[in-house]
Amino acid sequence: MIEARNLWKSYGDNVVLERLNIKVQEGDFITMVGASGCGKSTFLKLLLGTEGPSKGELLIDGQPVRQEPGPDRGVVFQKYSVFPHMTVLENVMAAKAFQRKGVTGWLFGKAKTTARKEAVAILDQVGLGHTLERYPHQLSGGMQQRLAIAQALLGRPRILLLDEPFGALDPGIRGEMHQLVLSLWREYKLTVFMVTHDLKEGFFLGTRLWVFDRLRIDPHAPDAYGASITYDLPVGDVDPKIYHEIDDDIRPAFTPAPQVETLPHEQEN
Ligand SMILES: Nc1ncnc2c1ncn2[C@@H]1O[C@H](COP(=O)(O)OP(=O)(O)OP(=O)(O)O)[C@@H](O)[C@H]1O
């Protein structure tokens with residue numbers, strides 16, 4: 001479904017990504033880890049179409065990614081991306097209105113009734129059916145991310161892009177969000193790309209884990225080389241040696257290694 005062929009992305013002299021060659025099947029759930037600044041969000045932007053490749057190709061169904069976000073691709077960011085002055089229901093209905101080409105953000109008549117029905121259904125599904133009239137500031141962080149997920153799913157996307165969506169949430173709430181995303185992934189038959197800083201989360205969710213890392217580093221020209229995908233691992237049984245190798249790769253040099261008592265596959269799902 002998705003293919004990168006010798007894909008490069010630079011900003012001026014700063015080479016961010018280089019030589020990416022990947023193939024993704026429909027229904028894959030890809031988690032992406034890597035040191036800060038190595039281009040994970042940039043890769044999501046290339047998929048979203050808000051950035052274009054500097055070299056090479058990124059294809060969806062054999063066609064270059066359209067250089068504009070479309071309803072086939074939904075996105076959720078770490079920072080809550082909802083409209084603060086609108087209620088939960090209005091937020092989702094507004095997302096629907098903005099998806100229609102060539103119109104302003106207003107819906108009338110039948111289109112409005114249909115959008116309302118769809119919005120209520122999706123909000124029910126993400127567990128916000130009881131909060132339709134609340135404003136975002138009256139929601140917890142987890143609830144705000146549920147709202148952002150509802151907005152992202154409204155266009156019935158085939159591809160869901162998640163950029164550290166649970167990074168700001170408490171561990172207990174993150175667990176609930178994991179279950180939600182897994183159930184939506186199955187039900188909507190989504191292809192998911194999710195950036196995370198949490199290696200355990202990366203190994204727990206999804207079907208494939210990618211590690212972004214720079215293979216070449218020139219200390220005199222730190223921007224000269226970009227990151228590639230250095231590991232592409234099926235998620236399942238995790239070799240402890242590889243787990244620790246990746247953990248070392250993605251942790252900033254000044255952070256001490258955490259004591260890992262259990263590996264993800266030893267935990268209960
Ligand atoms: N619009 C832009 N213009 C110029 N440089 C950019 C732009 N967007 C990103 N970059 C640069 O690209 C590099 C990769 O950034 P990116 O946000 O993709 O990294 P990341 O791996 O997602 O980082 P983090 O884990 O900290 O979120 C950084 O050096 C960043 O400064």
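This is a predicted model: local features need pLDDT of at least 70, side-chain atom pairs count only at pLDDT 80 or more; totals for chains, interfaces and linings use all residues.

1. Residues are numbered from 1 along each chain as its sequence is written.

2. The protein chain is assigned domain 1 (2–72 + 158–266) and domain 2 (83–156), with bounds that come from an automatic or database domain assignment. Across the boundary, 12 residues of domain 1 are in contact with 9 residues of domain 2, contact meaning C-beta atoms, placed from the backbone, within 7 Å. On the domain 1 side, helix H5 (residues 171–188) supplies the largest share, 6 residues; by class, that side has 11 nonpolar, no polar and 1 charged residues.

3. The largest nonpolar core has 65 residues, and those with the most contacts inside it are Leu 47, Val 92, Leu 123, Ala 150, Leu 161 and Val 192. Such a core is a set of buried Ala, Val, Leu, Ile, Met, Phe, Trp, Tyr and Cys residues joined through C-beta atoms within 7 Å. Leaving aside residues up to four places away in sequence, Leu 123 touches Val 88, Leu 89, Val 92, Leu 128, Gly 129, Leu 132 and Ala 150.

4. Helix H4 (residues 141–153) has 13 residues, which at 1.5 Å a residue should span 18 Å, and its end C-alpha atoms are 18 Å apart, in agreement; the expected span is 1.5 Å times one less than the number of residues. Since 10 of the 13 residues of H4 are buried, the helix is largely enclosed by the rest of the structure. A residue is buried if 20 or more other C-beta atoms lie within 10 Å of its own, exposed if 12 or fewer, and partly exposed in between.

5. The residues around the ligand include Tyr 11, Asn 14, Lys 40, Ser 41 and Thr 42, "around" meaning a C-beta atom, placed from the backbone, within 6 Å. Strand S2 (14–24) and helix H1 (40–48) each give two or more residues to this shell, and H1 gives the most, with 3 residues.

6. Most residues other than glycine have a negative phi. Arg 19, in strand S2, has a positive phi of about 50°, and Glu 164, in the loop between strand S7 (159–163) and H5, has a positive phi near 45°.

Terms used: Helices (H or I, at least four residues) and strands (E, at least two) are DSSP runs, numbered from the N terminus. Two residues are in contact if their C-beta atoms, placed from the backbone, lie within 7 Å. Ala, Val, Leu, Ile, Met, Phe, Trp, Tyr, Cys and Pro count as nonpolar, Asp, Glu, Lys and Arg as charged, and the others, Gly among them, as polar.
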